[in-house]
Amino acid sequence: MYTDQRMAEAGKETRFAEFGPYKADLRTGELRKHGIRLRLQEQPFQVLAMLLLNRGELVTREQLQKRLWPGDTFVDFDHGLNTAINKLREVLSDSSATPKYIETLPRRGYRFLASVEFHNGSSGEAISKPLADAPSSPEPLTDLPAAPRPVARALFLLLQAMYLVFYVVTLMRHDRIAEAVNTLFRGGGVEVTVVALVSSVVGIAIRLFFFSGVALDSQRVGEIFLRVFPFVLFLDELLAMSPLLIWRELGAGIALAAVAALVWAPFAQRTLIRMAYSATAKANQ
């Protein structure tokens, strides 16, 4: 565990500590989430800095008292520390019951749970890499266009809403699928209708999951989407053929244009997710 001297040395060697969507500047005492500065007083930030530099280890209440409230300072230590921890958890959207970042060890102290990556602020190279248990994105960020995260998330949500509308319409008008397929291909209408109904039910569940995950800005939604993308791609490409069933109502040109747009849509979703939830994208916000 760090002594005060070693913590001072670590503070000189490192400047930025990154964990999840957060980035702490250990020199200026600033905490940011996705590039947006959060309001955090000095004492809660000092508690956070001490926990970060001792990631995974117990930081006792006595150590925190010695560092934040020296012996010659008269203060209600228990009340002050509890207030600092509560404020810190509020800013980090953390919970003492189900902690993601700060774990309480009753009557002993606290421990920081998430993986932490330190940068020195000059070369930008990591001084300490995340531990092996840290979740990593299955795809690296490469040559993605720069865009604000809210824009990428909003566009992704619009695409999910579009798919939900398509699936609901398919369920409402499923009786016309068999007729259209039999007219075009002289058979196979029942089989295509069954596939359309099953894919619509599954698709609605998937879209609602990702819509709520992105709307609530869940930290792992990007990783989950990239992991299941092959299955999502399969469902989306099945749906992409649906405009051909109503080509007489739409016209051949519009039907083909709609097919082309729907074939492209799943890849657009993947790009938007990588823009919004890549670890590198977060660091650049």
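Trainee: Which helix supplies the largest share of the nonpolar patch?

Mentor: Helix 7 does, with five residues. Please bear in mind that the model is predicted. The patch lies on the surface and is formed by Val 190, Val 194, Val 195, Val 198, Val 202, Phe 231, Phe 234 and Leu 238, with about 700 Å² of accessible area together. Helix 7 (189–215) and helix 8 (221–240) each supply at least two residues of this patch; Leu 238, for instance, lies in helix 8.

Trainee: How is the packing of two helices described?

Mentor: One states the angle between their axes and the distance between the axes. Here, helix 2 (residues 42–53) packs against helix 4 (residues 77–92) at an angle of about 80 degrees, and their axes are 9 Å apart. Helix 2 is therefore roughly perpendicular to helix 4.

Trainee: Which residues meet in helix 2 and helix 4?

Mentor: Helix 2 contributes Pro 44, Val 47 and Leu 48, which meet Leu 81, Ala 84, Ile 85, Lys 87, Leu 88 and Leu 92 of helix 4. Of the residues in this contact, eight are nonpolar, none is polar and one is charged.

Trainee: What of charged side chains, and how many salt bridges does the structure hold?

Mentor: Side chains of opposite charge can pair when their charged atoms come close. The structure holds nine salt bridges. In one of them, Asp 25 pairs with Arg 15, and the closest N and O atoms are 3.0 Å apart. Asp 25 lies in strand 2 (residues 22–25), while Arg 15 lies in the loop between helix 1 (4–13) and strand 1 (16–19), so the pair ties together parts that are ten residues apart in sequence.

Key: Residues numbered from 1 in each chain as written. Predicted model: local features only at pLDDT ≥ 70, side-chain atom pairs only at ≥ 80, totals over all residues. Heavy atoms only, no water. Axes fitted to C-alpha atoms, helices over the stretch in contact; angles between N-to-C directions. Helix = DSSP H or I, 4+ residues; strand = E, 2+ residues; numbered from the N terminus. Parallel < 35°, antiparallel > 145°, perpendicular 65-115°, else oblique. Contact = heavy atoms within 4.5 Å. Nonpolar A, V, L, I, M, F, W, Y, C, P; charged D, E, K, R; others polar. Patch = residues over 30% accessible without salt bridge, like charges linked within 9 Å, V, L, I, M, F, W, Y side chains within 5 Å. Areas by Shrake-Rupley, 256 points an atom, 1.4 Å probe, with all protein chains shown as cover. Salt bridge = Lys/Arg side-chain N within 4 Å of Asp/Glu carboxyl O.
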